[in-house]
Amino acid sequence: MNRKTLVLPAVVGLLAPVLAACGGSDGGGDAIVVGTTDQFVASKDNPAPLDPAIGYEAGVWNVLRQTVQTLTHIPRGGGEPVPEAAESCEFTDTENESYRCTLRKGLTFADGTALTPEDVKYSLQRVIDIKEESGPVGLLDNIDTMETKGEDQIVFHLSTPDATFPYKLATPAAGIVQKDKYPAKAPREGFQVDGSGPYTMEPEVKGDEIVKVVFTRNPKYKGDLKVLNDKVELNLFPDSTAMGKALDDKKIDMMTRTMSPEQSQKMLVEPQEGVKLTEMPGLAISYLGFNTKDPVVEDKAVRQAIAQVIDRGEIAGDVYGSTAEPLYSLIPSGITGHTNSFFNTYGEPSTTAAARTLEKAGISTPVSFTLHYTTDHYGSATATEFKALAKQLNASELFDVDVKGTPWSKFRAAQKKGDYAVYGMGWFPDFPDPDTYAAPFLDKNNFLNSPYRSSLIQETLIPDSRSAADRSAASPIFEKIQDIVAKDVPLLPVWQGKQYVASLEGLTGVEWAVTSSADLQLWELGKA
């Protein structure tokens with residue numbers, strides 16, 4: 001998540017992908033209608049938001065997963081990746097540096113064009129060549145060479161051992177696209193997505209943004225997924241209130257991303273007749289990011305003092321209620337290797353301790369800066385959260401903090417250019433492994449375009465962690481990474497969310513349609 005940019009959470013609803021089934025007379029007939037507050041906008045800075053080489057956030061990936069096929073996928077219920085477009089995949093050496101996949105027989109794109117190993121090679125190579133600075137290229141940058149063999153095999157030779165590579169091949173970053181529709185060295189502009197996945201898609205566009213996506217079952221699809229419906233509509237709403245009204249009016253069958261904390265809490269306390277609220281595990285996180293070259297926060301003592309002042313429990317409890325819990329590590333609970341490194345380093349919030357940190361570093365107070373957040377990407381509670389964060393920091397009298405909200409289309413462009421000293425983001429994991437909470441933020445080509453560098457993390461710890469085929473064996477390495485992050489504070493974790501999905505009675509498969517990583521799997525939905 002993003003991961004997006006994972007896309008990211010700021011509310012429990014945030015964490016859940018967006019789906020809904022349509023049962024009302026104003027809906028899509030027999031189509032299952034999915035409600036979301038995700039926004040897909042084409043702009044000068046991002047003219048190709050749905051290109052697999054460009055898009056790197058949860059909402060974008062949840063469109064791509066329905067339409068673009070990958071060699072592997074995470075099976076229903078989680079676990080290690082299994083073949084999808086491939087018939088079989090395996091490491092062919094003991095060092096986890098050579099990975100071979102054999103394609104299924106008779107694979108074609110939705111238009112009937114044959115899908116070959118050369119298409120797989122082309123698709124991944126264009127991600128590497130385009131090298132979008134805020135895109136998913138970091139997931140593939142350890143591919144040294146790709147070799148096609150015969151009519152059905154492709155071998156990936158990796159520059160370093162990487163036991164997580166099968167997981168990376170299951171992400172939309174490794175989605176297989178057609179040469180005649182996706183340029184080799186440039187993004188495919190616009191909103192159309194074509195592939196060999198379970199659905200074809202047709203976007204409804206007004207101005208420069210999508211208002212609806214219609215997914216229709218792809219009759220030529222051959223893969224490991226079982227498609228349980230013929231059509232799903234993804235309806236985009238400006239906010240959670242409008243989405244909730246659509247559910248009340250039975251114009252959608254399901255809403256998730258992003259339900260507001262108030263909506264989730266109300267449904268928990270006062271169940272609504274005809275509506276089911278499903279709680280699911282959530283692995284999405286919310287955090288503050290820092291431009292560590294900005295003069296205001298360049299000295300890590302300032303970042304450490306912020307970590308010492310903020311009260312995560314108050315933010316999670318007062319703003320999000322039962323839909324979030326405080327987070328003291330970049331790696332959330334529920335993921336192998338999690339440790340409460342920030343709490344272990346700083347303990348309970350303490351203005352006194354923060355004052356000592358700043359005084360020792362010779363920092364004059366109050367330190368002035370602006371907290372930047374996006375107004376339309378993580379849910380309606382984001383503004384409340386950032387006002388609460390500013391209030392906590394200002395109450396310490398060590399900081400003088402303003403708050404500014406910006407639409408995502410402009411926010412993301414400014415953030416990756418380094419315009420913000422301090423900013424808020426959310427993250428949905430690329431796959432359920434601690435690597436996806438470390439490398440995207442701390443490795444080369446990190447999606448934040450962060451200037452922070454730790455040679456120990458980049459050159460030793462991340463490579464060493466990927467050499468462990470038994471992922472639990474990598475836990476001590478990730479604990480070291482988390483301790484370094486807590487000391488240097490290039491990022492400041494704030495909370496971890498839970499996932500809730502609200503759906504009308506009669507919609508089946510809801511419990512499978514959203515994974516713990518917030519992946520949307522529309523093919524699981526059906527009608528009783």
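## Ile-306 and its surroundings

Ile-306 is in contact (heavy atoms within 4.5 Å) with Phe-290, Phe-369, Leu-393, Phe-399 and Leu-492, leaving aside neighbours within four places in sequence. Ile-306 belongs to helix α7, residues 300-309; helices (H or I, at least four residues) and strands (E, at least two) are DSSP runs, numbered from the N terminus. With a relative accessible area of 1%, Ile-306 is buried. Buried means under 20% relative accessible area, exposed over 50%, and partly exposed in between, with a 1.4 Å probe and protein chains only. The C-alpha atoms of Ile-306 and Ser-350 are separated by 10.0 Å, and these residues are 44 apart along the chain.

## Basis of the values

This is a predicted model, in which local features need pLDDT of at least 70 and side-chain atom pairs count only at pLDDT 80 or more, while totals for chains, interfaces and linings use all residues. Residues are numbered from 1 along each chain as its sequence is written, and side-chain values use heavy atoms, with hydrogens and water left out.

## Nonpolar cores

A nonpolar core is a set of buried Ala, Val, Leu, Ile, Met, Phe, Trp, Tyr and Cys residues joined through side-chain atoms within 4.5 Å. The largest one here has 142 residues, and Leu-71, Phe-156, Leu-371, Phe-399 and Ile-481 have the most contacts inside it. Helix α15 (residues 475-488) gives the largest share of this core, 6 residues. Another core lies apart from it, with 13 residues, including Leu-247 and Met-267.

Not counting residues up to four places away in sequence, Phe-156 touches several residues, among them Leu-71, Tyr-99, Val-120 and Phe-165.

## The disulfide

The whole structure has 1 disulfide, a term for a pair of cysteine sulfur atoms within 2.5 Å. Cys-89 and Cys-101 form a disulfide with their sulfur atoms 2.1 Å apart. Cys-89 lies in strand β4 (residues 86-91) and Cys-101 in strand β5 (residues 98-103), so the bond ties together parts 12 residues apart in sequence. The torsion about the S-S bond is about 115°, so the disulfide is right-handed. Both cysteines, Cys-89 and Cys-101, are buried.

## Aromatic rings

A search of the whole structure finds 20 aromatic pairs. Rings of Phe, Tyr and Trp (its six-membered ring) pair if their centres lie within 6.5 Å; planes under 30 degrees apart count as stacked, over 60 as edge-to-face and the rest as tilted. Phe-411 and Tyr-420 form a tilted pair, 5.3 Å centre to centre with 35° between the planes, and both residues are buried.
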